[in-house]
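Hi,

Here is the structure I promised to send over. Have a look at it first, and my notes on the salt bridges follow below.

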Amino acid sequence: MKKRIMVFDTTLRDGEQVPGAKLERRQKLEIAKQLERLKVDIIEAGFPVSSPEDGRAVADVAREITECTVAGLARVTKEDIDACWEAVRWAKRPRIHVFLASSDIHVMKKLRTDKEHALNMAVEMVKYAKGFCEDVEYSTEDASRSDEEYLVRIIDAVIKAGATTVNIPDTVGYAVPEQFGALIRRLRERVPALDNVTLSVHCHNDLGMAVANTLAAVQNGAQQVECTINGIGERAGNASLEEIVMALKTRSEFFGADTGVITQEIYRTSRMVSRLMNIPVQPNKAVVGSNAFAHSSGIHQDGILKDRQTYEIMRPEDIGLTRHEIILTARSGKSALKHKLKELGFDLDEESFHKVLARFINVADRKKEVTADDLRSIVEIELSKVEETFAFSSMQVMCGDATSPLASVELIKKDGTKVRDAALGNGPVDATFACIERLMGKEGKLLEFDLKAVTGGKEALGEAMVRVEINGGVYSGVGASPDVIEASARAYINAFNRYFTGKNI
Ligand code: KIV
Ligand code: ZN
């Protein structure tokens, strides 16, 4: 019989720690609902003490999510645990996740204390958390670089204090699979009390081994895997949920383990997280990258046409990537659009539908056919928009090798008035961004710029993602249009709107 591995998703906590990826409350809830459809077991919804807004966002998730356990993170202080409980208490299945570092370097240099004191704090605060909540997870931060004797003592002590899950993080992505697997096996052997609780792992990807380390841990007795959609998270990110889940499913005879995840929801979840957090997915990303099921060489294409299994170990349908035929045009009516949106799995309220409809008409007027991927892009971008202090109205650009690029942009302010200006730049995008900055009276430093076609073909919808530093904070933005300069302008405006609403700090 296969072991059932619990999937603990921390996209909304560790993933949200990526600069510029901060979500609004309603966006967090939207992702949480999708994670529930994906059927993860635990959603770590945030770090409630970090800000009152995050506390409220975690509480929203706790109230609305009924199928998954909802966890919040807390350091070993009463203030953190109180804030965490205040947020997760509304959940059908609440969890308080307490953590404290266990490595010498963290305890001595970061916490500036000694290991005995740290151990006592851990025990005391697990007991405190237990006073509120039956389900308490304890994480030994930087476990993979900790002294094993000390790790054994802490784990034993926090279980005695009431922890129901013990998590072993490879916080800085230092472990290698063989070694990490062996550590998990030894901990199981050395701490018999682990048999009565859930043993979890949480691996970071600094050396690109987060998924391999997680799977090695599963082979050696880990029962819960902590991971994020698209592998987002601190620095190089966390172990990627879709890679772990599909590895366990595709190689189930090898691992003898499976999860409860509905894999057909993976692609949609990946897109949603990428859009709402404005973090592009690299094209060659395993499982969900745009090239993950694309075959370019003639030999491979020939093989695929004869039998897909020649070059595909997973079916695109298994992650919910079904190819929908070309669909809508400018003449498609409201009901055709509604029908297609439903088919793609979008259940929009009237207000959202009308926003999507307006943008669809604008795109369809300029593009002969709107494909399923175009429509997905339109919906996700419209729904991820924050309140628009400035909205895009129109633009013209003049460029060429014999002239200085000149952009003229018109924006609509919140009160409905229109503002227009023009600026020169060293290229059409530079001129456009300079013009937007003049109109907004604010400068930004472009940190990242990503432009791609949503589908193949010359008429493809262009999708731009930017990350901009404004007044010391990092804000991301996304935009799409049949015209790539307009897509870039929309993304830049979106990033500034996030700055103006102060929601993406
Ligand atoms: O990476 C880490 O150690 C963490 C803990 C809080 C679990 O994110
Ligand atoms: Zn982490």
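Asp60 is buried, at a relative accessible area of 16%, which falls under the 20% cut-off. Keep in mind that this is a predicted model. The partner of Asp60 is Arg25: their side chains meet in a salt bridge, 2.9 Å from N to O. Arg25 is partly exposed, with 29% relative accessible area.

Next, have a look at Arg145 and Asp142. They form a salt bridge too, and their closest N and O atoms are 3.0 Å apart. Asp142 has a relative accessible area of 0%, so it counts as buried, while Arg145 is partly exposed at 34%.

Then there's Arg190 with Glu148, a salt bridge whose closest N and O atoms lie 3.4 Å apart. Arg190 belongs to helix α7 (residues 177-190) and Glu148 to helix α6 (residues 148-161), so this bridge ties together parts 42 residues apart in sequence. Glu148 is buried at 17% relative accessibility, whereas Arg190 is partly exposed at 35%.

One more thing to click on: Arg271, Arg275, Glu380, Lys452 and Glu463 are joined into one network by salt bridges that share partners.

And how many salt bridges turn up in the whole structure? The search finds 52, and the pairs above are among them.

Cheers

How values were computed:
Residues are numbered from 1 along each chain as its sequence is written. Chains are lettered from A and ligands numbered from 1 in the order in which they are written. This is a predicted model: local features need pLDDT of at least 70, side-chain atom pairs count only at pLDDT 80 or more; totals for chains, interfaces and linings use all residues. Side-chain values use heavy atoms; hydrogens and water are left out. A salt bridge is a side-chain nitrogen of Lys or Arg within 4 Å of a carboxyl oxygen of Asp or Glu. Buried means under 20% relative accessible area, exposed over 50%, partly exposed in between (1.4 Å probe, protein chains only). Helices (H or I, at least four residues) and strands (E, at least two) are DSSP runs, numbered from the N terminus.
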